Amino acid sequence: MAQVADRIAVMYAGKIVETGTRREIFYNPQHPYTKGLLNSVPRLDVDGAELIPIAGTPPDLFSPPVGCPFTARCPYAMEVCDKVYPTATKLSESHGVDCWFQDERAKKLLASR
Ligand code: SF4
């Protein structure tokens with residue numbers, strides 16, 4: 001994919017959770033699922049890199065979750081995550097992500113701790 005795609009959309013549980021150029025997705029992923037995905041697949045440009053699987057299993061899509069579908073597997077999940085689907089955050093003209101971690105309110109909360 002890195003050799004043939006100009007733009008990439010990353011899907012989880014039937015939703016597009018991150019979009020960006022090839023460079024943005026491969027070198028600056030922002031959604032925890034995208035990061036986990038990239039850590040779990042072999043890279044041809046790195047020798048001996050350890051593969052780290054994403055813990056847990058995908059949600060049951062016959063009974064889809066109300067909030068972010070990645071909540072049960074996400075190391076950054078917050079209280080809001082399983083209650084409300086995250087709003088889209090535009091990181092650049094071409095890079096977008098659906099994740100509460102990118103929301104300005106979450107950033108302010110984390111900065112205040
Ligand atoms: S919205 Fe919450 S659970 Fe979903 S990916 Fe972002 S931090 Fe993780």
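Q: Why is Lys-107 called partly exposed?
A: In this predicted model, the relative accessibility of Lys-107 is 36%. Partly exposed covers the range between the buried limit, under 20%, and the exposed limit, over 50%. Lys-107 therefore counts as partly exposed.

Q: Where is Lys-107 found, and which residues does Lys-107 touch, not counting those up to four places away in sequence?
A: Lys-107 belongs to helix α3, residues 104-111. With residues up to four places away set aside, Lys-107 touches Phe-101 and Gln-102.

Q: Why is Thr-89 called buried?
A: Thr-89 has a relative accessible area of 17%. Buried means under 20%, so Thr-89 is buried.

Q: Which strand holds Thr-89, and what is Thr-89 in contact with beyond its neighbours within four places in sequence?
A: Thr-89 is part of strand β3, residues 88-90. Beyond its neighbours within four places, the contacts of Thr-89 are His-95, Gly-96, Val-97, Cys-99, Gln-102 and Asp-103. Contact here means heavy atoms within 4.5 Å.

Q: What do β1 and β2 form, and which residue in the turn has a positive phi?
A: The two strands form a hairpin, with two residues between them. Ala-13 in the turn has a positive phi of about 50°.

Q: How do you know that β2 also pairs with β4?
A: Two bridges join β2 to strand β4 (residues 96-98), and the strands run antiparallel. The cut-off is at least two bridges, so the pairing counts. Thr-19 stands opposite Gly-96 in β4.

Q: What makes up the largest nonpolar core?
A: The largest nonpolar core has 10 residues: Ala-5, Ile-8, Val-10, Tyr-12, Val-17, Ile-25, Tyr-33, Cys-68, Phe-70 and Cys-74. Strand β1 (residues 7-12) gives the largest share of this core, three residues. Members of such a core are buried and joined through side-chain atoms within 4.5 Å.

Q: What is Tyr-12 in contact with, leaving aside its neighbours within four places in sequence?
A: Tyr-12 is in contact with Val-17, Tyr-33, Thr-57, Pro-58, Pro-59, Pro-69, Phe-70 and Arg-73, with those neighbours left aside.

Q: Which residues of α2 are buried, and what covers them?
A: The buried residues of α2 are Pro-32, Tyr-33, Thr-34 and Gly-36. Their cover includes β1, β2 and α1.

Q: How many cavities of 30 Å³ or more are there, and what lines the largest?
A: There is one cavity of 30 Å³ or more. The volume of the largest cavity is about 90 Å³. Its lining has 15 residues, and Pro-32, Cys-68, Cys-74, Cys-81 and Cys-99 lie nearest the centre. By class, the lining of this cavity has 12 nonpolar residues, two polar and one charged.

Q: What lines the largest pocket?
A: The largest pocket holds about 760 Å³ of space. Of its 24 lining residues, Ala-2, Phe-26, Leu-38, Val-41 and Arg-43 are the closest to its centre. β1, α1 (22-27) and α2 (32-40) each supply at least two residues of this lining. The pocket lining divides into 15 nonpolar, three polar and six charged residues.

Terms used
Residues are numbered from 1 along each chain as its sequence is written. This is a predicted model: local features need pLDDT of at least 70, side-chain atom pairs count only at pLDDT 80 or more; totals for chains, interfaces and linings use all residues. Side-chain values use heavy atoms; hydrogens and water are left out. Buried means under 20% relative accessible area, exposed over 50%, partly exposed in between (1.4 Å probe, protein chains only). On a 1 Å grid over the protein atoms alone, a cavity is a set of points where a 1.4 Å probe fits but cannot get out, and a pocket is an open set with protein on both sides within 12 Å along at least five of seven lines; lining residues have an atom within 4 Å of a point. Grid points are joined across faces, edges and corners, and a volume is the space filled by probe spheres set on the points. Ala, Val, Leu, Ile, Met, Phe, Trp, Tyr, Cys and Pro count as nonpolar, Asp, Glu, Lys and Arg as charged, and the others, Gly among them, as polar.
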